[in-house]
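This report describes selected local features of a single protein chain. Please consult the sequence and the structure shown below while reading.

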Amino acid sequence: MDMEATKIVLDEQDMPRQWYNIQADLPTPIPPPLGSDGKPISPDDLASVFPMNIIEQEVSTERWITIPEPVREMLTLWRPSPLYRAKRLEAALGTPAKIYYKNEGVSPAGSHKPNTAIAQAYYNKEFGIRYLTTETGAGQWGSALAMSCKLVGIECKVFMVRISFDQKPFRKIMMKTWGAECIASPSPLTAVGRKILAEQPDTPGSLGIAISEAIEQAVEREDTRYALGSVLNHVMLHQTIIGLEAKKQFEKISRSPDIVIGCAGGGSNFAGISFPFIYDKIHGRDMRIIATEPEACPTLTRGPYIYDAGDVAKMTPLLAMHSLGHGFIPPAIHAGGLRYHGMAPLVSHVLKHNLIEATALPQTECYEAALLFAHTEGFIPAPETSHAIAQTIREAKQAREEGKEKVILMNWSGHGLMDLQGYDAFMSGRLEDYPLPDELLQQSLAAVRDHPKI
C-alpha cells in the first residue's frame, strides 16, 4: 500500500474566510430570472420569500464574499473536512489513477448541506426572521436546516417528499430531534397540496410540489421566510468552501486534479466541489469536470436549456436552466436528493459554455459502486453520492486501459446510514434500472412550451 497519507487535513485557521462567486468569472452573464409577465424581476420581487441580505448575495457579481465570523465558528464543528486518498479502492480497481474524495459526511447532519444551511439560518436570524420553511427530498437538506435553525435559535418547518417520507423514517426523526416540524408532501396544510391530493391521492410527491407548499406558507407571515437547499446562486456560493478547502489540501501534497466529479440533482454539492476548479479552467488549466445524475431524472443530459419555474405551482420566478418540466413527477428511485426536475442556473450555464460535462447513470451500477466503495474504504455512501463514485470508477478504469496516472477528485457528499433500506432493496434484487421514457419527458415538457425563450 502507498505510504502517502490517507487523510490530508487542514487546521481550523486554514478554513477559507471567503466564499467564491463564479458569477465574477463567467464568459457571459447568466440570463436573468423572469416574472410571470416575462420581464426580469427586481430584488424587491423576492423580498417576501428571502431576506434582503441573502438576496444581495443572490444577485452579486463580486468574486469574493466574506464569511461572517459567527458562521465560520459554527462551521468549525466539522470543518475543514478531510480529503482522503482512496488507496484501497485504487488497488481493487488495479488503476494507476490516484483517487481522492472530500468527505462531507463528517458534518453533524451527515452531508454537505449544512455548509449553506448554517449560513442561511444565520442571515435570516440577523434579518429578524423567526421561522423558516423549506422542502426536502431524501431528507439531508431538511436535517441540515433543522440542525442549523436550532443552533442559531429560530424555528423550522420541513415539507418532505412523500416517497422519501415513507422510505426514510429516520430522516424525519432526525429533523424532529433537532426541533423541526416534518410534514409529508403533498399535504392538506396548503392550497397547492390539497389540489394535488384531490387530483392524485396516491402521488409519491416531488421536490417541485414540496417547494410550492413551503413557499405558500412562507409568504403568509411577515416573520417567516423560505430557505432552499440547492439551485439558487447563494446556495452554490456557500458550498464553494468545499472546493476551496480541497485546493488548499492539494497544495499541501503538491498535486492538482485532472478530473473533478460530483453527483448532481439541483447542483449544490457539484458546484461546491467544482466551481473553484472551474475558475482555474476558465483561466487556462486543462482539466475535466463531470456532473453525474441518475438516468431516471436526466436533467442535464436530456432536459432542454429553457426558462422554467422551480416549483409545480409556479410560485418561483422563471429561471434559465436545464429542466424536465416543473410538473415532472420522478420515479421512486432511492437517490431522493437527485430527483429534482431542474438544474441550478449557474451549473446549467457552465455546461452551456462547455466548462463541464454531464453523464447519467443507472441506479444498479451506482449501488454496485457504492458496495465496492464500502468494501474497500469502509464508509457507506448515500445513494446520491454513489453516482459520483460510479463515475469515478468509470474514469479510473479508463485510466487503467490507457495506462495513464490521472488524479481524480470526487465529492463524497454524504453518508448512507439513513438510507439502508435502499441497500437492502438492491442486495435483495428488488431494484431495477429505469431510463426515463421519452414519451414521459415530452409530456412533462409540454407545460413549458409557452414560457419565454432563452
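## Helix 11

A residue is called buried when its relative accessible area is under 20%. The model discussed here is predicted. By that criterion, helix 11 is mostly covered, with nine of its 12 residues buried. The buried positions of helix 11 are Ile241, Ile242, Gly243, Leu244, Glu245, Ala246, Lys247, Gln249 and Phe250.

Helix 11 comprises residues 241–252 and extends 17 Å from its first C-alpha to its last. This span is close to the 16 Å expected at 1.5 Å a residue. Ser254, with a positive phi near 55 degrees, follows helix 11.

An unreviewed UniProt entry lists Lys113 under "modified residue: N6-(pyridoxal phosphate)lysine". In the model, Lys113 lies in the loop between strand 5 (98–103) and helix 4 (114–126).

Is Lys113 buried or exposed? Its relative accessible area is 11%, so Lys113 counts as buried, the limit being under 20%. When neighbours within four places in sequence are left aside, Lys113 is in contact with Gln140, Trp141, Ala144, Gly229, Ser230, Gln239 and Ser268.

## Cis peptide bonds

Arg79 and Pro80 are joined by a cis peptide bond, with omega about -5 degrees. Pro80 belongs to the loop between helix 2 (69–75) and strand 4 (83–85).

A cis peptide bond also links Ser185 to Pro186, where omega is about 10 degrees. The loop that holds Pro186 runs between strand 8 (181–185) and helix 8 (191–199).

Val231, a residue other than glycine, has a positive phi near 70 degrees. It is located in the loop between strand 9 (224–226) and helix 10 (233–239). With a relative accessible area of 5%, Val231 is buried.

Asn354 likewise is not a glycine and has a positive phi, of about 60 degrees. Its position is in the loop between helix 14 (345–352) and strand 14 (357–361). Which side of the exposure limits does Asn354 fall on, buried or exposed? The relative accessible area of Asn354 is 62%, and this residue is therefore exposed, since exposed means over 50%. Val231, by contrast, is buried.

Technical notes:
Residues numbered from 1 in each chain as written. Predicted model: local features only at pLDDT ≥ 70, side-chain atom pairs only at ≥ 80, totals over all residues. Heavy atoms only, no water. Helix = DSSP H or I, 4+ residues; strand = E, 2+ residues; numbered from the N terminus. Expected span 1.5 Å × (residues − 1). Buried < 20%, exposed > 50% of the residue type's maximum accessible area, 1.4 Å probe, protein only. UniProt positions renumbered as here; feature names shortened; annotations may be inferred. Contact = heavy atoms within 4.5 Å.
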